[in-house]
Amino acid sequence: MKIIIVGCGKVGYTLVEQLSTEGHDIVAIDERADKVSSISNAFDVIGMIGNGVSFETLKQADIASADLLIAVTGSDEHNLLCCMIAKKTGNCKTIARVRNPIYYNEADYLKNEFGLAMTLNPESTAAQEIAQIIRFPFAQKIDTFARGHIHLVHFRVRPDSVLVGRSLQDIRINLKSQMLVCLVARGKEIIIPKGEFRIEAGDILGVVAERRKVNTYFRQLSISSTSVKNVMITGGGKTSYYLAKLLLKTGVNVKIIEINQARCDELCDLLPRATIIHGDATNEDLLLQEGLEDTDALITLTNMDEENILLSMFGKSRSHAKIITKVNRIGFSSILDQLSLDSVIYPRLITADYITKYIRSASNSMNSDVESFYKLADGKAEALEFFIKEASPVTGIPLQQLRIRKNTLISCIYRDKQVIIPSGQDCILPGDMVVVILKDYKISNIAGILEK
């Protein structure tokens with residue numbers, strides 16, 4: 001695909017980084033020469049200095065032959081106008097970042113009127129992911145498939161866990177667990193395990209389970225699934241607003257600490273059921289006074305990564321709360337792993353995954369489509385959901401007879417509202433939704449899991 005990306009800020013940079021590894025031809029446009037230079041020096045892409053809203057700039061970028069334009073500048077209005085010009089000029093697919101809550105509430109209208117393929121809101125998608133984790137506080141991260149019926153739950157194995165030292169076969173037979181361990185992160189090593197694999201303390205497991213039975217399965221493994229009733233959020237930005245709206249709808253008590261008085265006044269109007277505190281969240285006495293030690297979850301959403309990390313570490317030292325940390329810069333993930341923070345959210349990675357999913361689905365020419373797509377373990381593995389439209393080389397044949405590539409696991413099948421953790425005798429059928437975990441290669445269709 002030929003892709004034009006307008007805006008080379010944090011999200012634009014991450015998109016270029018991820019999409020360039022997918023083999024696409026990319027043109028990156030920004031008015032700031034330093035941003036363009038940084039991207040063109042780091043990746044095999046064409047960098048252009050210019051205004052992406054300008055017809056002449058888009059013409060120089062060869063918009064007429066482009067398949068997709070993604071507008072992620074700092075202005076919603078510029079993004080929408082850029083997409084409109086691109087649509088009129090080149091007739092390509094367009095994606096716009098729309099962050100303002102006023103516009104985002106009208107996302108469907110804007111999508112239809114501007115002919116957008118997708119609208120993006122990193123803050124809203126981050127809030128949705130955090131809300132998902134709040135529902136299952138033992139999890140570090142949760143990915144969803146089959147329209148929410150299947151969960152891929154990531155969690156760290158504690159030293160006192162009943163799982164330590166047990167093989168996956170033993171867990172399934174003797175502990176009667178219906179979950180499937182499909183991915184293990186052990187230090188820097190990423191493993192798609194087989195039945196004889198033994199779990200060690202500190203492993204981060206990715207397990208597939210039916211959504212409505214997740215809590216039951218984890219209770220069987222003596223892993224706490226206590227519900228979260230009270231949440232403290234530091235920082236009152238857009239992500240905090242979207243998150244508070246989601247949590248308040250589910251009956252969770254929300255307290256937001258924000259240093260800017262004007263923003264506090266605005267949040268009081270927008271979120272009348274939330275408790276808004278005007279103060280500096282880095283003040284330890286204030287956090288303790290506002291009930292940090294008794295809160296069920298602490299979510300650090302200030303605009304500074306360092307502040308979020310320090311607040312999370314303080315919260316971990318002074319409470320038993322579930323800790324969720326927002327981090328914008330992604331270059332220090334290995335260091336963050338050593339801090340053993342509960343859950344770390346990278347909004348721009350989530351955004352990049354959404355777009356990659358769309359692109360893979362749009363460029364797919366086989367009998368199945370990518371319905372969901374997630375990068376796992378810092379991009380070292382992937383989880384993909386395929387909808388099987390009709391017969392293909394993988395259908396109607398028992399899984400044990402398929403010549404499936406190394407480092408590949410068919411982890412789940414969703415058929416007729418039933419979740420199937422497959423065995424070797426199961427078959428994939430047309431109409432199924434199939435979740436595949438893989439590493440060391442990339443695919444856009446289900447037939448790609450077979451050896452050539």
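Is E22 buried or exposed?

## The setting of E22

In this predicted model, E22 has a relative accessibility of 19% and therefore counts as buried, since the class of buried residues is defined by a relative accessible area under 20%. The residue is found in a loop, the one between helix α1 (10–20) and strand β2 (25–30).

When neighbours within four places in sequence are left aside, the residues in contact with E22 are T356, R360, K375, E382 and K442.

## Overall fold

The protein is made up of 15 helices and 22 strands, and its C-alpha trace spans about 65 × 60 × 40 Å along the principal axes. Its radius of gyration is 23 Å, which agrees with the value near 22 Å that a compact globule of 452 residues would have.

Of the 452 residues, 56% are buried. Among contacts between residues at least 6 apart in sequence, 59% join residues at least 24 apart. The accessible surface of the protein comes to about 20,500 Å², and carbon and sulfur atoms account for 48% of that area.

## A nonpolar surface patch

On the surface, L310, M313 and L339 form a nonpolar patch whose members together have about 260 Å² of accessible area.

Terms used
Residues numbered from 1 in each chain as written. Predicted model: local features only at pLDDT ≥ 70, side-chain atom pairs only at ≥ 80, totals over all residues. Heavy atoms only, no water. Patch = residues over 30% accessible without salt bridge, like charges linked within 9 Å, V, L, I, M, F, W, Y side chains within 5 Å. Areas by Shrake-Rupley, 256 points an atom, 1.4 Å probe, with all protein chains shown as cover. Salt bridge = Lys/Arg side-chain N within 4 Å of Asp/Glu carboxyl O. Helix = DSSP H or I, 4+ residues; strand = E, 2+ residues; numbered from the N terminus. Rg over C-alpha atoms; globule rule 2.2 N^0.38 Å. Buried < 20%, exposed > 50% of the residue type's maximum accessible area, 1.4 Å probe, protein only. Contact = heavy atoms within 4.5 Å.
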